[in-house]
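Student: Hi! Could you walk me through this one?
Tutor: Happy to. Have a look at it, and then we'll go through it piece by piece.

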Amino acid sequence: MNFIEELRWRGMIHDLMPGTEEQLSREMTAAYIGFDPTADSLHIGNLLPIMLLVHLQRYGHKPIVLVGGATGMVGDPSGKTEERKLLSIEQIQYNLNGQKKQLMKFLNFETGNNRAEIVNNFDWFRDYSFLDFIRDVGKHITVNYMMSKESVKKRLETGMSFTEFSYQLVQGYDFYWLYRNMNCKLQMGGSDQWGNIVTGTELIRRMYFDLEGSEASAYALTCPLVTKADGSKFGKSEGGNIWLDPAKTSPYLFYQYWLNLSDEDAAHFIRLFTLFSQEEIGQLTLEHQNAPHLRILQKALAKDVTLRVHSEQDYNMVVEASSILFGQGTTAMLHNLPEDMLLAVFEGVPQSEVNRQIIAEGIGIVDFLTEHTGIFPSKGEARRTLKENAVSVNKEKVSEEFTVDGKCLLNDRYILVQKGKKNYYLVKTR
RNA sequence: GGGGAGAUUCCAGAGCGGUCAAAUGGGGCAGACUGUAAAUCUGUUGGCGAUGCCUUCGGAGGUUCGAAUCCUCCUCUCCCCA
């Protein structure tokens with residue numbers, strides 16, 4: 001099996017420029033994907049492009065990660081309906097460093113002649129003057145060509161700044177630069193990047209022809225955008241994006257996101273986000289169908305991704321936490337849990353502090369849930385939820401009349417509050 | 001420049017002088033059923049010291065015992081004709 005065949009059975013190819021497959025089988029090929037430095041962490045929406053690079057490297061090719069220090073300053077109009085806010089140089093630099101660290105976990109940057117490399121396009125744009133750019137690069141691409149792009153056409157009605165219009169040229173030049181300086185012949189990305197990538201290949205072809213009279217061929221490969229079966233957006237939960245940074249999305253919530261996928265999504269995503277072979281996935285799918293309640297696919301997927309993004313230690317902790325929170329955990333079990341274990345288990349759940357004195361004196365559950373802990377935004381909502389029998393303290397359902405007092409404390413200082421089935425809060429006394 | 005339509009609670013969208021904290025749908029939250037799934041069904045969805053009170057219907061004034069509803073001005077959006 002080769003790289004393209006691998007992607008094909010996994011359903012990771014949306015579009016492929018003719019000749020790409022031939023190029024890849026001809027020689028070790030360097031390929032790049034660009035990442036936008038819009039945040040200081042990547043999120044699981046970035047995972048698919050990352051996996052493209054991972055597969056690429058596994059098949060002996062050379063991955064290049066481009067972090068868009070320069071392009072990030074311009075803003076990609078693809079898929080956007082509005083002009084984007086510009087980020088400051090400092091902010092971009094900061095975000096870049098955060099993303100860099102995360103990418104290191106996926107690719108081998110150390111050994112072999114196909115070791116991954118990371119580049120920042122700000123390095124070649126920083127000293128490139130505007131006039132030089134429009135003379136050297138702009139000359140080879142017509143406005144007519146640029147206007148025909150879907151990303152531009154969509155914005156013609158509502159308006160688009162010259163800055164964003166220029167974006168495709170800037171990205172196109174990246175490809176040219178990498179082609180020339182790093183022998184990078186392939187650019188990959190999400191399907192929304194097709195137009196930008198093709199501008200790059202076109203620019204390379206024309207610039208080589210116009211300047212040197214030689215033929216040059218560059219290639220493009222895009223993966224589909226990830227969608228969920230129910231139409232909701234992949235990678236979002238109630239709390240927002242699912243980030244790779246444990247400080248932004250705790251490993252617990254990260255694991256839970258994958259574990260909670262529907263059967264349909266799990267079967268789909270396990271091909272995209274894990275390295276299990278076709279046979280292994282077939283086997284897992286079979287086992288899953290025989291005993292769907294065990295959620296074998298979800299567990300295998302959640303485990304694999306959590307291990308790669310976080311660590312084995314995080315994974316163990318998170319499984320432990322999940323089994324206590326969702327397994328046969330009882331009030332008695334909670335009371336017997338040692339403090340360090342308790343804290344480890346609840347690392348990912350929202351926490352709040354409350355004055356010890358208040359608990360000692362005893363306090364009505366409604367006030368406790370609102371004023372003192374902020375678990376509910378208003379008393380009305382707290383009461384409503386209590387009436388719906390949806391609030392538990394230390395895994396026991398409580399009513400509106402319940403009083404929180406010293407007897408509720410676990411390890412003499414913690415209280416576990418549950419709203420509904422899945423939402424946990426840990427209250428500490430101080 | 002001329003003519004018309006509109007701005008309502010998270011969103012869409014009713015209401016057109018009291019019975020309006022405001023129909024209905026969507027979304028959200030929760031419950032039942034399950035497998036921490038999907039589908040389905042049910043409840044709930046401004047705040048509070050709560051058979052009442054307070055703040056909300058683009059903004060500012062006004063009419064009225066009483067205004068989301070009527071009048072004036074302002075701001076913004078959309079459509080049609082130039």
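**A walk through the model**

Tutor: Let's begin with one pair of residues: Leu426, in β15, is the bridge partner of Gln351. Keep in mind throughout that this is a predicted model.

Student: Got it. How do β9 and β15 run, and how many bridges join them?
Tutor: They run parallel, and 4 bridges join β9 to β15, which covers residues 423-429.

Student: What's the strand order in the sheet that holds β9 and β15?
Tutor: The order is β9-β15-β14-β11-β12. That is an open sheet of 5 strands with mixed pairing. Its edge strands are β9 (351-354) and β12 (396-397), each pairing on one side only.

Student: Where does Asn394 sit?
Tutor: Asn394 is in the loop that links β11 (391-393) to β12. Its phi is near 50°, a positive value in a residue that isn't glycine.

Student: OK, and is Asn394 buried or exposed?
Tutor: Buried: the relative accessible area of Asn394 is 4%, so it falls under the 20% cut-off.

Student: What's phi like at Asn411?
Tutor: Positive too, near 50°, and again in a residue other than glycine. Asn411 lies in the loop between β13 (403-404) and β14 (414-419).

Student: Which helices supply at least two residues each?
Tutor: α12 (251-259), α16 (312-326) and α21 (379-387) do. The largest share comes from α21, with 4 residues.

Student: On the RNA side, how much of what lies within 4 Å of the protein is sugar or phosphate?
Tutor: 59% of those RNA strand B atoms belong to sugar or phosphate, and the rest to bases.

Student: Which polar side-chain atoms lie by a base oxygen?
Tutor: Two examples for you. A polar side-chain atom of Lys421 is 2.4 Å from a base oxygen of RNA strand B. For Gln256, a polar side-chain atom is 2.8 Å from a base oxygen of RNA strand B.

Student: And what does Gly380 do there?
Tutor: A polar backbone atom of Gly380 lies 3.0 Å from a phosphate oxygen of RNA strand B.

Student: Back to sheets. What's the order in the one with 6 strands?
Tutor: β1-β6-β5-β2-β3-β4, an open sheet with mixed pairing.

Student: How do β2 and β3 pair?
Tutor: In the parallel sense, over 6 bridges, with β2 at residues 30-35 and β3 at residues 62-67. Within that pairing, Val67 of β3 is the bridge partner of Phe35.

Student: Which helix touches those strands?
Tutor: α5 (residues 89-104) packs on the sheet and touches β2, β3 and β4. The direction of α5 makes about 170° with that of β4.

Student: And what does α1 lie across?
Tutor: α1 (residues 3-10) lies across β1, β5 (184-190) and β6 (219-223), running at about 25° to β6.

Student: One more residue, then: where is Thr249?
Tutor: In the loop between β8 (240-241) and α12. Thr249 is buried because its relative accessibility is 5%, under the 20% cut-off. Its side chain reaches the backbone nitrogen of Trp243 at 2.9 Å. Leaving out residues up to four places away in sequence, Thr249 touches Asn241, Ile242, Trp243, Phe254 and His310.

Student: Last one: how many helices and strands does chain A have?
Tutor: Chain A has 21 helices and 15 strands. Of its 430 residues, 51% count as buried. The C-alpha trace of chain A spans about 85 × 50 × 40 Å along its principal axes.

Methods: Residues numbered from 1 in each chain as written. Chains lettered and ligands numbered in written order. Predicted model: local features only at pLDDT ≥ 70, side-chain atom pairs only at ≥ 80, totals over all residues. Heavy atoms only, no water. Near = heavy atom within 4 Å. Polar contact = N/O pair within 3.5 Å; in protein donor to acceptor, adjacent residues only side chain to side chain. Pairing = 2+ DSSP bridges. Contact = heavy atoms within 4.5 Å. Axes fitted to C-alpha atoms, helices over the stretch in contact; angles between N-to-C directions. Buried < 20%, exposed > 50% of the residue type's maximum accessible area, 1.4 Å probe, protein only.
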